[in-house]
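Reader: I'm new to this structure and would like a friendly tour of it. Could you take my questions one at a time?

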Amino acid sequence: MKTYYNPEDLKKFSSIGEFEPRLAKKFFDYYGEVFKEGALTEREKSLIALAVAHTIQCPYCIDAYTQDTLEKGCDEAQVMEAVHVASAIRGGATLVHGVQMMNKFKELSM
Amino acid sequence: MFLKFSKQLDLHGLNPYLPKNIEILQVNLGKMCNQTCKHCHVDAGPHRKEIMDMDTMQYCLNALDVLQCKTVDITGGAPEMNSNFRWFVEECFNKGVKILIRCNLTIIEANKKYYDLPHFYKQVQVEIISSLPYYLPSKTDAQRGKGVFDKSISALKKLNEIGYGKENSALKLHLVYNPTGAFLPGNQKALESEFKIKLKNLYGIDFSSLFTITNVPINRFLQYLKDSGNYGHYMEKLLQSFNPKAAENTMCRNTLSVSWDGFLYDCDFNQMLDLKVNSSAQHIKNIEKEILLKREIITGLHCYACTAGAGSSCGGETASD
């Protein structure tokens, strides 16, 4: 193994069932259902997936969902706004913990 | 490196790959065009001089009778640039066949002599099919040339003004979505819905329906794939997405394509690769329906573009749910 992440591995995702087919099948069936059009469009779901991919910083997911959002007709502004939403939530999540810090700070201070 | 298309058909029991009928005669009136699009499979442009003459057009008119075609699909280049274009369309109209014209929109704005094209189309009840790869200027101009988007919007407004593309109108105006890069088109219905909302809200434009067409890896688009390092990935994606249902409904199984010089092809893409029909009748002047119906369709790696996902043809998806 020369690198932890190999772009070719993304194509092998479906082979994850090799070691445990029963659970893999359940996962992929669920995955397929999740991304079908429902109360949200497939396009909206793809943009959510792209934003989440950035939050969890998964290079496979960023690769897959950049292509998927393109296929679903999203433009540069739309995909970047999705990433900013991810960024704002991630940054906000850090910052909001500042309240906890302030509470503790005040608790310990005279 | 990639599994041959004919082998893929074998694996799905689809050989021999034969036409079901010949319902549409697709006539390429010439390679001359006022645009030079980056993805053009015809390699069309203002520099191209190949133009169908009147004799060949007459053979095409005869062929409509011999083949009992219900539809003539007129394409190019910009077919309007052929000096006998209007005569040919009127003759088709007199035969009572459905007339599809692949109009690039900007031709309507290109020169004074084309300004009345919308009225001509209406007069002969033409169904218009026009490329608009995106509802914003940047992607459209990146694929079709600088300034094409604004001219296309202006032309669409003129077509709308005389009733084309309006709700419940008999005058049909279809738009074509081609991906602006090395990726496949998404769901046709979803993209149509998105285009309808955006074009209406941003420009007040209406249209009848959207056809999603997969870019076929030949000519300029193939060169783009190779130059950008995307060829392998794109082909892999096409192969992974092979859909036997789409392979059953490809346009080559109900369409015959005629080149500017009268030769016959299974489709417009085979025409551009100069893969003539596998038949003793290879020219429009020798047309024989029974012989052509028995021919085996010539396939190649490029055919994977028509069989990927929900399928792709000159009329959009072929294997929608």
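What follows is a set of questions and answers about this structure.

Reader: Before we start, what kind of model is this, and how are things numbered?

Author: Residues are numbered from 1 along each chain as its sequence is written, and chains are lettered from A and ligands numbered from 1 in the order in which they are written. Side-chain values use heavy atoms, with hydrogens and water left out, and local features need pLDDT of at least 70, side-chain atom pairs count only at pLDDT 80 or more, and totals for chains, interfaces and linings use all residues, since this is a predicted model.

Reader: What is the order of the strands in the open sheet of chain B?

Author: Helices (H or I, at least four residues) and strands (E, at least two) are DSSP runs, numbered from the N terminus, and two strands pair if DSSP finds at least two bridges between them. The edge strands, each pairing on one side only, are strand 6 (209-212) and strand 8 (264-265) of chain B. The pairing in this sheet of 8 strands is mixed, and the order is 6-5-4-3-2-1-7-8.

Reader: In which sense do strand 7 and strand 8 of chain B pair?

Author: Strand 7 of chain B covers residues 255-258. B:Ser257 stands opposite B:Tyr265 in strand 8 of chain B. Over 2 bridges, the sense of this pairing is antiparallel.

Reader: Why is strand 2 of chain B largely enclosed by the rest of the structure?

Author: In a regular strand the side chains alternate between the two faces of the sheet. Here B:Thr71, B:Asp73 and B:Thr75 point one way from strand 2 of chain B, while B:Val72 and B:Ile74 point the other way. Buried means under 20% relative accessible area, exposed over 50%, and partly exposed in between (1.4 Å probe, protein chains only). Strand 2 of chain B is largely enclosed because its buried residues number 5 of the 5.

Reader: Which residues have the most contacts inside the largest nonpolar core?

Author: A nonpolar core is a set of buried Ala, Val, Leu, Ile, Met, Phe, Trp, Tyr and Cys residues joined through side-chain atoms within 4.5 Å. The largest one has 94 residues, and those with the most contacts inside it are B:Leu25 and B:Tyr121. Helix 2 (residues 54-67) of chain B gives the most to this core: 6 residues.

Reader: What does B:Leu25 touch?

Author: Contact means heavy atoms within 4.5 Å. Leaving out residues up to four places away in sequence, the residues that B:Leu25 touches include B:Cys60, B:Ala63, B:Leu64, B:Val72 and B:Val258.

Reader: How many residues line the largest cavity, and which element gives the most?

Author: On a 1 Å grid over the protein atoms alone, a cavity is a set of points where a 1.4 Å probe fits but cannot get out, and a pocket is an open set with protein on both sides within 12 Å along at least five of seven lines; lining residues have an atom within 4 Å of a point. About 610 Å³ of space lies in the largest cavity. Of its 35 lining residues, those closest to the centre are B:His39, B:His41, B:Thr75, B:Ser131 and B:Arg144. With 3 residues, the element that gives the most is strand 4 of chain B.

Reader: Which element gives the largest share of the lining of the second largest pocket?

Author: This pocket holds about 290 Å³ of space. Its lining has 20 residues, and B:Ile24, B:Leu100, B:Arg102, B:Cys314 and B:Gly315 lie nearest its centre. The largest share, 3 residues, comes from strand 3 of chain B.

Reader: Where is the cis peptide bond?

Author: B:Pro16 has its place in the loop between helix 1 (5-11) and strand 1 of chain B. Omega is about 0° at the cis bond, which joins B:Asn15 and B:Pro16.

Reader: Is B:Asn168 buried or exposed?

Author: B:Asn168 is found in the loop between helix 7 (148-161) and strand 5 (173-177) of chain B. Its phi is near 65°, a positive value in a residue other than glycine. At a relative accessible area of 77%, B:Asn168 is exposed.

Terms used: Grid points are joined across faces, edges and corners, and a volume is the space filled by probe spheres set on the points.
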